[in-house]
Amino acid sequence: MINNDENPVANEQENTNGTNQNTTGSNAIKDPDEWTTGDEPMTGAQESYLKTLSDEAGEEFDHTLTKSAASKRIDELQHKTGRGLEK
């Protein structure tokens, strides 16, 4: 998953997408497939970060992804590029 402490863009993306960042200290994050707004178009923050990751990975950027699909794609590309992962 996204390390929000090291990635402010991902943090914005997570918080605007229906993830369940529990403010009582839990790091539980709701699965993108369970987001009530997951079928809406991706947010601007997601689009920007996904474009950056796609460029770095040398992969095509799909601007038509939904919020939940974009979140999953971000996770995939982070693993491919190493960007935004805990060290």
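## Overall fold

Helices here are DSSP runs of H or I with at least four residues, strands are runs of E with at least two, and both are numbered from the N terminus. Read along the sequence, the protein chain follows the pattern α-α-α. Its secondary structure comes to three helices and zero strands.

This is a predicted model: local features need pLDDT of at least 70, side-chain atom pairs count only at pLDDT 80 or more, and totals for chains, interfaces and linings use all residues. Residues are numbered from 1 along each chain as its sequence is written, and side-chain values use heavy atoms, with hydrogens and water left out.

Of the 87 residues in the protein chain, 38% are buried (under 20% relative accessible area; exposed is over 50%, partly exposed in between, with a 1.4 Å probe and protein chains only). Contact means heavy atoms within 4.5 Å. Among contacts between residues at least 6 apart in sequence, 56% join residues at least 24 apart.

## Helix H2

Helix H2 covers residues 44-57. Its 14 residues should span 20 Å at 1.5 Å a residue (1.5 Å times one less than the number of residues). The end C-alpha atoms of H2 are 20 Å apart, which agrees.

The buried residues of H2 are Ala 45, Gln 46, Tyr 49, Leu 50, Leu 53, Ser 54 and Ala 57. Seen down the helix axis, they fall within an arc of 155 degrees, so they line one face of H2. The arc is that of the directions from the helix axis to the C-beta atoms. Gly 58 follows H2, and its phi is positive, near 70 degrees.

## H2 against H3

Two packed helices are described by the angle between their axes and the distance between the axes. H2 and helix H3 (residues 67-81) pack at about 35 degrees, with their axes 9 Å apart. Axes are lines fitted to C-alpha atoms, for helices over the stretch in contact, and angles run from 0 to 180 degrees between N-to-C directions.

From H2, the contact residues include Tyr 49, Leu 53 and Glu 56. From H3, they include Ala 70, Arg 73, Ile 74 and Leu 77. The residues of this contact divide into seven nonpolar, five polar and four charged. Ala, Val, Leu, Ile, Met, Phe, Trp, Tyr, Cys and Pro count as nonpolar, Asp, Glu, Lys and Arg as charged, and the others, Gly among them, as polar.

## Ala 70

Ala 70 lies in helix H3. At 0% relative accessibility, Ala 70 counts as buried. Leaving aside neighbours within four places in sequence, Ala 70 is in contact with Met 42, Gln 46, Leu 50 and Leu 65. The C-alpha atoms of Ala 70 and Tyr 49 are separated by 9.8 Å. These two residues are 21 residues apart along the chain.
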